[in-house]
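Subject: Handing over the structure

Dear colleague,

I am passing on the structure that we talked about, and below it you will find my notes on what turned up in it. Please keep the structure open while you read.

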Amino acid sequence: MAKKTKTPQTLVIVESPTKAHTIEKYLGPGYVVRASVGHLIDLPKSRMAIDIENGFQPEYITVRGKAKLLKELQKEAKKSEAVLLASDNDREGEAIAWHLNRALRDKTDAKISRIVFNEITPTAITEAVKHPGEIVEAKVNAQKARRVLDRLVGYNLSPLLWVKVKNGLSAGRVQSVALRLICEREKEVEDFLPEEYWSLDADFIKGKSNFTAQLVKYKGEAPELKSEDAVKDIIEKIKNSESKVSSIKKTEKTVRPKPPFTTSKLQQAAANKLGFTSRKTMQIAQQLYEGIQIGENHVGLITYMRTDSVRISETALADVREWLSKNHPAELPPEPIHYAVGKSAQDAHEGIRPTYTSYTPESVKEYLSHDQFRLYSIIWERFVSSQMNNAKMVTTSVEIEAGDALFRVAASKIAEKGFYQVIKLLSSKEEKSSSLPTMKEGEVLTVDNFHPEQHFTQGPARYTDASIVRMLEEKGIGRPSTYATIISVLLDRYYVTRSNKQLVPTQLGKMINKILVESFPAVINEEFTAKVENELDQVEEDKLVWNNIISDFYGPFKQTVDNVMEHQESIKGFLDEQTDKVCELCGKPMVKKLGRFGFFLACSGFPECHNTKSIPLAKCPVCGDGEIVERKTKGRGKAFYGCTNYPTCTFISHFKPIDQYCPKCGWFLVEKFDKKNGAYKSCINPDCDYLHTSGEEAAVMPAEGEE
């Protein structure tokens, strides 16, 4: 009997297990697809591991816990005829491929090649496998330069903070600049002094219709309404005047579709339209990219989600135009629309788009989670609409004279829907129509009522996920792959907190920012950070030598670190506060301290007594003798507020108590925010309808022991 020959295998190594599962189905027999699960080889966490005397060469090791996986990959490589390194097509992915190549090449006779793709589809994967290439050394060097630079900054600044501020703190090159931007904006918010001003609207009646117009001029000038008396004076002078239409103007506006999403624009849109954090957006986008089970097929629904380009492949343009020709033929332009790529864009990937236009959001909705569906919808809508005709809006502006006052009202309607045909979740103010009754110039109207309204000038807004990402992009700080991480790190370190979706620096964050900005102005600034990004791009283009960048930076930086270490005054314990609470274990006073996750109570008898507790925020309204403290969920570490008498008392709240009681029922108040009321206080009691916006004073919580 003839011996059965074994089919030669090709080993494909990707980063993600989910991606491996999808690609293995596409490639079929003869291919084994395995995942490295990110970096297998990297710098150790326990030491700097940079040979400063030898050209800043990094000392790489196998990542802790990954040795077994590396051996398994080496074993598979030994059995293979060819090895294809298919990590992501960016700097980090290239570095992963480079490390894998070095770890595998002595363990196998197989030819090791590099393949890249922008989408996980059968066509894209098959084409990549047919055309393997080589690892791009310059791209690896760019990653190495960034990694070494960040390690040198972090491993010098962090010990400085341990000595001068608090043990366990850390600082990073890019995150510290983002923290500076947030702290500077907070200073602007705190320094802003609001000024009072008033507006005046009037209700006008035309036949059976009525509408409201706003005062725009008085005696030919823009009105300065700084007080209620000024508004009342105008009302008194014009209330008996004849009101007639003085002008009707119609203007037509062309609204052009927007280009496909880049990473930053996707994060901004998801934050503004869906309320997603940057981290959540990238996590869901990763799931859509790696593949979703659609019926019997595992499908990568979108292209690679880390990109700064709006370029679209000819294949994708042909696909979307074919879909539009069948579904919206009247809105299909004669030629594909090409969008200009920004000057600073690396343009390594296409813009973010659906892999197949035919997978409309509704057609795949049943296979997606609620959040996956919403994110996929805005990606699909943005891409498809980008290849459709312009929309046209017609705006009618009517001016009405009433004595010396001039009122104006405008209404818009869509004349030609164009690309709005496919827009649902990405609806905008422009898309919404409004209407006015038919009027003629000279026509007399009836004034029904006047509406004076008090306002206060608005100061600068705190950053949100969307606006900080936009600012980082504009200033050239970081790259698409880093925006979500930058925000997450600041939140995880408790340098910044989220309040009503706004990013607010903590006291700790402000202190660290002050030290870093004052001591390292040449490093903790946006110009230096943007310059580094530009130099890394030049390394990737093989125009600069990577360790020359490090050498030019490190000498002056290290000298400054040593000088600050010697002369900077320590502020350790500056934020500690004595309390009147007593440790139930040893009887010593408890001290309010700042930890990694915020303030907590610790026994002053440390290290003999290790007792710590959460800071009580309010008395429990259910059991009466317990206290409400912050807790974290086991899985995702999400904050909630519960009673210290748990499990006897099971009261929990997802809103943080403030130091005020409800004047109606006595339960504690929480702060909330919505578009209708803005920031407001409401009672946590589900049976109480108390809502406090302004004017009425809520009851201040009594001190402990008081009635």
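Predicted model: local features only at pLDDT ≥ 70, side-chain atom pairs only at ≥ 80, totals over all residues.

Residues are numbered from 1 along each chain as its sequence is written, and side-chain values use heavy atoms, with hydrogens and water left out.

**Salt bridges**

A salt bridge is taken here as a side-chain nitrogen of Lys or Arg within 4 Å of a carboxyl oxygen of Asp or Glu, and a search of the whole structure finds 40 of them. One of these joins Arg462 to Glu186, with the closest N and O atoms 2.7 Å apart. Arg462 lies in the loop between β16 (444-456) and α13 (465-474), whereas Glu186 lies in helix α6 (residues 173-191), so the pair ties together parts that are 276 residues apart in sequence. The helices (H or I, at least four residues) and strands (E, at least two) named in this email are DSSP runs, numbered from the N terminus. Glu186 is buried, with a relative accessible area of 5%.

Helix α6 also holds Glu190, whose side chain meets that of Lys510 in a salt bridge of 2.8 Å, N to O. This pair links distant parts of the chain, since Lys510 sits in helix α15 (residues 507-519), 320 residues apart from Glu190. Glu190 counts as partly exposed at 46% relative accessibility, and Lys510 counts as partly exposed at 29%.

A further salt bridge brings together the side chains of Lys581 and Glu627 (3.6 Å, N to O). Elsewhere, salt bridges that share partners join Glu24, Arg34, Glu76 and Lys79 into one network.

**Strands**

Strands of a sheet pair through backbone hydrogen bonds, either parallel or antiparallel. For this email, two strands pair if DSSP finds at least two bridges between them. Strand β9 (residues 196-206) and strand β10 (residues 209-218) run antiparallel and are joined by six bridges, with Phe204 standing opposite Phe211 in β10. The hairpin of β9 and β10 has two residues between the strands, and in it Gly207 takes a positive phi near 65°. Strand β10 is also joined by four bridges to strand β15 (residues 405-416), again running antiparallel, and Gln214 stands opposite Arg408 in β15.

Two bridges join β23 to β24, and the bridge partner of Ala618 in β24 is Ile628.

**Aromatic rings**

Rings of Phe, Tyr and Trp (its six-membered ring) pair if their centres lie within 6.5 Å, and planes under 30 degrees apart count as stacked, over 60 as edge-to-face and the rest as tilted. The structure holds twelve aromatic pairs. The rings of Phe419 and Tyr420 have their centres 4.6 Å apart and their planes at 40°, so this pair is tilted, and both residues are buried. The rings of Phe553 and Phe557, by contrast, are stacked, because their planes are at 20°, with the centres 4.9 Å apart. Phe553 and Phe557 both lie in helix α17 (residues 546-567), four residues apart, or about one turn of the helix, and both are buried. Together with Phe520 and Phe528, they form one aromatic cluster.

**Disulfides**

A disulfide is a pair of cysteine sulfur atoms within 2.5 Å, and the structure holds zero of them.

Note on methods. Buried < 20%, exposed > 50% of the residue type's maximum accessible area, 1.4 Å probe, protein only.
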